[in-house]
Structure formats: C-alpha cells, structure tokens
Amino acid sequence: MAQKKVTLSLDANLIEDVQQLVGAGEAKSQSAFVEEALRARLKQLEREAWERSLEAASKDPMYLADMEEVERDFMYADAEAARMID
C-alpha cells in the first residue's frame with residue numbers, strides 16, 4: 001500500500017503517551033500506532049453505519065414484507081434440511 005506523509009496537530013500529552021508506548025514496544029512506531037488507531041476508528045464507523053442501516057431496515061414495511069416472502073419461499077427447503085441433519 002502506498003504511503004503518504006502528512007502533518008497533524010495533536011495534543012502534546014497524547015503524543016507523549018504514544019511515544020511511551022512505542023518505547024515500551026507496544027507499537028512499532030508513532031506512525032504505525034496512528035495508522036492502527038485510524039483503521040480501528042474507520043472500521044468502527046463502518047460498523048455503526050451498517051447497524052443503523054439494519055435498524056432502519058427492521059422498521060421498513062417493504063423490507064419486512066420481502067423477508068416474510070423469502071421465509072415462506074424457503075420454509076419447505078429449511079424443513080427438509082433440518083430433517084436431513086437429524
């Protein structure tokens with residue numbers, strides 16, 4: 001993955017904490033620590049957006065009707081599969 005240098009202004013205490021973690025071997029470098037933190041936050045935001053979309057879908061009458069139709073369509077296949085497992 002290509003890397004690009006950037007300049008950021010961060011709280012001095014935060015930088016000191018990260019430097020201590022790097023010194024203790026908890027992170028490879030300050031850049032690696034920040035990159036990992038950014039990736040984690042982006043992943044969290046993506047998950048939260050996904051959860052909001054699921055919440056919206058759970059209240060959408062058209063979506064719920066579609067899910068009921070799919071359940072009816074697969075009812076017999078599900079029952080047959082369950083019998084094969086037993």
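Me: In what order do the elements of the protein chain run from the N terminus on?
Reply: They run α-α-α. This is a predicted model. The secondary structure of the protein chain comes to three helices and zero strands.

Me: What makes Val-22 count as partly exposed?
Reply: Its relative accessibility is 23%. Buried means under 20%, and exposed means over 50%. The 23% of Val-22 falls in between, so Val-22 counts as partly exposed.

Me: Where is Val-22, and what separates its C-alpha atom from that of Phe-33?
Reply: Val-22 is in helix α1. Val-22 and Phe-33 are eleven residues apart along the chain, and their C-alpha atoms are separated by 8.1 Å.

Me: How do you know that the span of helix α1 is close to the expected one?
Reply: Helix α1 covers residues 12–23, which is twelve residues. The expected span is 1.5 Å times one less than the number of residues. For α1 that expectation is given as 16 Å, and the helix reaches 16 Å from its first C-alpha to its last.

Me: Why is Asp-11 said to cap α1?
Reply: A side-chain oxygen of Asp-11 lies 2.9 Å from the backbone nitrogen of Asn-13. The cut-off for a polar contact is 3.5 Å, so the pair at 2.9 Å lies within it. The capped end of α1 is the N-terminal one.

Me: What follows α1?
Reply: Gly-25 does, with a positive phi near 85°.

Me: What share of the residues is buried?
Reply: Buried residues make up 3% of the 86. The accessible surface comes to about 8,200 Å², and 56% of that belongs to carbon and sulfur atoms.

Me: How many side chains are positive and how many negative?
Reply: There are 11 positive and 19 negative side chains. The centres of the two sets lie 8 Å apart.

Definitions and conventions
Residues are numbered from 1 along each chain as its sequence is written. This is a predicted model: local features need pLDDT of at least 70, side-chain atom pairs count only at pLDDT 80 or more; totals for chains, interfaces and linings use all residues. Side-chain values use heavy atoms; hydrogens and water are left out. Helices (H or I, at least four residues) and strands (E, at least two) are DSSP runs, numbered from the N terminus. Buried means under 20% relative accessible area, exposed over 50%, partly exposed in between (1.4 Å probe, protein chains only). Accessible areas come from the Shrake-Rupley method with a 1.4 Å probe; for residues, only the protein chains shown count as cover. Lys and Arg count as positive and Asp and Glu as negative; His and the chain ends are not counted. The place of a charge is taken as NZ of Lys, CZ of Arg, CG of Asp or CD of Glu. A polar contact is a pair of N or O atoms within 3.5 Å; within protein, one must be able to donate a hydrogen and the other to accept it, and residues adjacent in sequence count only if both atoms are side-chain atoms.
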